Every structure is written in C-alpha cells, then in structure tokens.
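Hi,

Here is the structure I promised to send over. Have a look, and then read on for what turned up in it.

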Amino acid sequence: MDWKLPREGSCRCGQVRIRISAAPLVTMACHCIGCQKMSSSAFSLSAAIPADGFEVISGEPVVGGLHGATKHMFCPHCMSWMFTRPEGMDWFVNVRATMLDGAADFAPFIETWTAEKLPFAGTGAPHSYETLPPMDAYDGLMKEYAEWAGRA
Ligand SMILES: [Zn+2]
Ligand SMILES: [Zn+2]
C-alpha cells in the first residue's frame with residue numbers, strides 16, 4: 001500500500017481539516033449501538049493513527065458524543081463525527097476513515113461489537129469480535145494488518 005502520506009481529510013462542510021502523516025496501526029469497523037447512533041449508520045469506520053502522525057490543520061473541533069473521558073470530536077458547524085481520543089490510550093487517535101481523502105484505502109481489518117450488529121450490516125473485515133479483541137491480541141493484529149494492507 002502506498003499511503004500517499006501526508007494525507008488530508010475534512011468534515012462534511014470543510015470547516016475542520018485534518019492531516020495524517022503516519023500509516024494506520026490498524027483499521028476497524030465498530031458495530032456497537034453507540035457507534036450506530038453517533039454515525040447515524042450501521043457501524044463506524046476507524047483508522048488508528050499514531051498520535052504524533054495526526055493533526056488538525058484548520059477549524060476547531062468540539063467534544064460531542066458522551067462528553068466523558070473518551071473524547072469524541074466533531075465539527076462545530078456540520079457536526080460530523082471526525083475522530084476520537086480514547087481514554088487512557090493517548091498514543092493513537094481513532095480517525096473516522098470516511099473523513100480522509102481516498103477513504104477506500106482504509107478497508108476495516110477488524111470488526112468489533114458484532115454482539116450488537118444489525119443483521120443486514122456486513123463490513124468484509126477478516127477478523128470479527130463479539131466485543132473487543134483481548135488486549136494481548138493487538139500486537140499480533142497490528143503486525144498482521146501491516147502485511148494485509150501491504151498486499152492491497
Ligand atoms: Zn463541518
Ligand atoms: Zn462502537
């Protein structure tokens with residue numbers, strides 16, 4: 001995969017622009033009910049980007065979603081859900097893959113929370129988890145993802 005880095009992205013209205021300068025550690029689809037509601041769709045799509053490879057280059061995203069320890073960041077104007085800073089895991093940012101230019105490159109490698117999946121929703125992800133992968137699975141998943149994405 002040529003990630004064409006740095007790569008930019010934006011919300012629906014274009015007020016908030018983001019840039020990634022690092023390849024995803026892993027890509028995900030999440031079927032949880034929270035993601036269904038926040039994405040107004042069947043699942044959310046994420047690319048986990050190392051925190052030092054992510055920046056907001058214009059606009060001022062605001063906290064939305066649950067307003068808890070995990071920060072769900074939205075455009076203040078069009079309210080697109082753009083990225084999430086997960087609680088206690090500040091080394092990466094979960095960027096909503098559809099905000100990025102060329103979103104087709106960010107096919108999900110794992111899907112999570114299939115226990116809450118809508119029956120008609122399919123993602124094509126090669127790994128499925130009823131909830132989340134066990135913490136000790138992530139190292140292997142990230143290595144496998146690099147190879148999988150490299151073949152794409
Ligand atoms: Zn916007
Ligand atoms: Zn979710």
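First, a definition: a pocket here is an open set of points on a 1 Å grid over the protein atoms alone, where a 1.4 Å probe fits, with protein on both sides within 12 Å along at least five of seven lines; lining residues have an atom within 4 Å of a point. Grid points are joined across faces, edges and corners, and a volume is the space filled by probe spheres set on the points.

This is a predicted model, so local features need pLDDT of at least 70 and side-chain atom pairs pLDDT 80 or more, while totals for chains, interfaces and linings use all residues. Residues are numbered from 1 along each chain as written, chains are lettered from A and ligands numbered from 1 in written order, and side-chain values use heavy atoms, without hydrogens and water.

The second largest pocket comes to about 190 Å³. Among the residues that line it are Met38, Phe43, Trp81 and Arg96.

The largest pocket has a volume of about 840 Å³. Of its 32 lining residues, Met28, Pro86, Met89, Asn94 and Leu132 are the closest to the centre.

Then there's the metal. Cys30, Cys32 and Cys35 coordinate the zinc ion (ligand 2) through their SG atoms at 2.2 to 2.3 Å; donors are N, O and S atoms within 2.8 Å of the metal (3.2 Å for Na, K and Ca), and since water is not among the atoms, sites may look incomplete. Both Cys32 and Cys35 are buried (under 20% relative accessible area, 1.4 Å probe, protein chains only).

Cheers

Key:
Buried means under 20% relative accessible area, exposed over 50%, partly exposed in between (1.4 Å probe, protein chains only).
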